[in-house]
Amino acid sequence: MLSRASPHNNFPNQCRSLHPERLVKNSTLTRLEFVAEGTILNLDDNVPSCNRNTQVVNVDVCRIGLQVPTSSRSSISMELWLPLKWEGRRYLATGNGGVDGCIKYEDLAYGTANGFATMGTNNGHNGTTAVTMLHNPDIIEDFSHRALHVGTATAKKIITKFYKQQPDYSYYIGCSLGGRMGIKAAELYPQDYDGIVAGAPTVDFNNLQGQRAMFYTVTGAIGSPDFISADVWSGLIHQEVLKQCDTIDGVKDGIIEIPRKCYFNPSTLLCRPGQTNNCLSATQVEQVRKIYAPYRYPTTGELIFPRMNPGMEERGIERLLSGQPFPHSVEWFRYVVLNDSQWQAEDYHAGLVRLAEQMNPANIRTYPRRLPDFKKHGGKIISYHGGQDQQVTSFNTERFMSHMAEADDELQDYYRYFPVSGMYHCSAGPGAWAFGQGGGAASAGVPFDPEQNVLAAATRWVEEGIAPETMTGTKFLDDNPSQGVDFQRRHCMWPKSQTYIGGDYKLRSSWRCV
């Protein structure tokens, strides 16, 4: 909504007459424009590596860009989109991914389309590289937690000035790194948000980077002896994983419904004497075994990070199984942990992940046992994680939830986790994976309904006290909403599991949470 004195036809003028830079000391205005409904924004000033060239804007918004200093040698870039129709007087902050400094314009559009005043930052640096973190702990601190907090504090000042009233409710949405950012915000800045949607959170961040770095030392480079090609991973090995695990739930549908029940045994693919095709050598079998084993310190057996999700092979070949170093982990060790721009991925060893944990740059680990201040504030968190995630294993989120539940018998009063069967990293996959978890395909065709949309579920929990018991995901035909719904599934609240009870497996009524 606008201020009472400002009719809708004055919205463009009200936008252009704003001076947001006056509200934040030493800030610089980088953009101020009215954007009409249906506009396709040209983002040609965006960093090319962020791969966001255009964005459709679905409602009238006032688009604000600011550069805000965070220290003498660091700053954030942020954008705040203020919609003409400010529904429910809600504010929404959006997260980032990887080690990126990329504003997710698709999430800004998603939030404003649903009536939220919506903000995103570059997390203290531009593009998909962490090179600016080299010898600059201030930028690392922005990346770890400060950028989001400063962006939110700034956004709330501008919102109050523009609409002549403060937001009634504040929310956050993000996945992967963005999921971790949400948990960190609840830990350090419990007053910032009333509701947080934290997907596939990269909690235990330093150990995650160690696991990711480890993969390259196991797979070897493309062309190295016993290297397993993408075709073998996505064909032979993936099919064998499904053969062993797909029907554990009673249905053959390409979805591993309960990943923790699947312990893939690659020895079934060992070449028999004289066999050279459609099989693995003994060395390759051992390589696959390491890929699916928990990552542990070699001398003590202490866990570094849980095992990878079986069923992730078709997407895993894009990064972890590609025969190339995982870029995020290389960037983290090279520019942050070691401060050595010449460090190479093949030199990784487990001692480096222990070093990263001991350093814990800018307190980025993010593995709280409790969130007492956020709970006391009345905040609510919803997490989700794909059961066939190819970048961050869902077993880590399960471990994290157990870690917190052991310390708080009433954890589900404010924090609920929904495993999403058949979903890859944050989106896509053979399962019912679309439930409004962000802009773009994740929300296309999904109504803003708390039964089918995770952000709507968070708002209902915060504002009406109705906690979600299940979360219905949708699988569209060919992942295209215009072609209609293939099937839907109610994803269960952890620790319950989806159980097939008979009938057409594509019907929600054929499954029950047990």
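**Aromatic pairs and nonpolar cores in a predicted model**

F400 is buried, with 0% of its relative accessible area left (buried means under 20% relative accessible area, exposed over 50% and partly exposed in between, using a 1.4 Å probe and protein chains only). Y415 is buried too, at 0% relative accessibility. This is a predicted model, where local features need pLDDT of at least 70, side-chain atom pairs count only at pLDDT 80 or more, and totals for chains, interfaces and linings use all residues. Residues are numbered from 1 along each chain as its sequence is written, and side-chain values use heavy atoms, with hydrogens and water left out.

As for confidence, the chain has a mean pLDDT of 96, and 98% of its residues reach 70 or more (pLDDT is the predictor's confidence in each residue, from 0 to 100). Where pLDDT is low, the predicted coordinates should not be read in detail.

On to the rings: the structure holds 21 aromatic pairs (Phe, Tyr and Trp rings, the six-membered one for Trp, pair if their centres lie within 6.5 Å; planes under 30 degrees apart count as stacked, over 60 as edge-to-face and the rest as tilted). One of them joins F333 and W343, a tilted pair with 5.9 Å from centre to centre and 40° between the planes. F333 sits in helix α9 and W343 in the loop between α9 and α10, so this pair ties together parts 10 residues apart in sequence (helices, H or I with at least four residues, and strands, E with at least two, are DSSP runs numbered from the N terminus). Both F333 and W343 are buried.

F400 and Y415 make a pair as well: the ring centres are 6.4 Å apart and the planes meet at 65°, so it is edge-to-face. Here helix α12, which holds F400, is linked to strand β13, which holds Y415, across 15 residues. Elsewhere, F11, F34, W86, F162 and Y163 form one aromatic cluster.

Y415 turns up again in the largest nonpolar core: among its 100 residues, L80, L82, I237, W332, Y348 and Y415 touch the most other members (such a core is a set of buried Ala, Val, Leu, Ile, Met, Phe, Trp, Tyr and Cys residues joined through side-chain atoms within 4.5 Å). Helix α3 (residues 137-163) gives the most to this core, with 11 residues. Apart from it lies another core of 28 residues, including Y384 and F435.
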